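Me: Could you walk me through how to read a helix and the core around it? I have a structure to show you.
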Amino acid sequence: MKWCISEEFAPLMLVVSGPEKYKLVATLVQAAEMLTVGWPIDDGEEYLMAIMACRDAIHGEIPAQAARAALIRAADEAGISVITVVH
């Protein structure tokens, strides 16, 4: 399992409401936690696809970047802004 391999998952920042406005997501486990614990909605096609993509990436069935892309699509669906860093 690839729980915390951050070099495969390019970090991004989600802009959410609440006391911690900016949430750094730098690993697959952080992406999965954000989707399951900190997500503002618990339905939506892109949200469900992102949950499955994180699970599949953690199990090594798809690349981490595919899960990252699914997370970005789910954020767009939920109205969450995404900030990416270019190295």
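Predicted model: local features only at pLDDT ≥ 70, side-chain atom pairs only at ≥ 80, totals over all residues.
Me: Which residues are buried in H3?

Reply: Residues are numbered from 1 along each chain as its sequence is written, and side-chain values use heavy atoms, with hydrogens and water left out. Helices are DSSP runs of H or I with at least four residues, strands are E runs of at least two, and both are numbered from the N terminus. Buried means under 20% relative accessible area, exposed over 50%, partly exposed in between (1.4 Å probe, protein chains only). In H3, the buried residues are Ala64, Ala67, Arg68, Ala70, Leu71, Ala74 and Ala75. They cover an arc of only 160 degrees around the axis (from directions between the helix axis and the C-beta atoms), which puts them on the same side of H3.

Me: What do the buried residues of H3 pack against?

Reply: Contact means heavy atoms within 4.5 Å. Here the partners are strands E1 (12-15), E2 (22-25) and E3 (81-84), plus helices H1 (28-37) and H2 (45-58).

Me: Which residues have the most contacts inside the largest nonpolar core?

Reply: In soluble globular proteins, nonpolar side chains tend to be buried together. A nonpolar core is a set of buried Ala, Val, Leu, Ile, Met, Phe, Trp, Tyr and Cys residues joined through side-chain atoms within 4.5 Å. The largest one has 24 residues, and Phe9, Leu14, Val25, Leu28, Leu35, Trp39 and Leu71 have the most contacts inside it. E1, H1, H2 and H3 each give two or more residues to this core.
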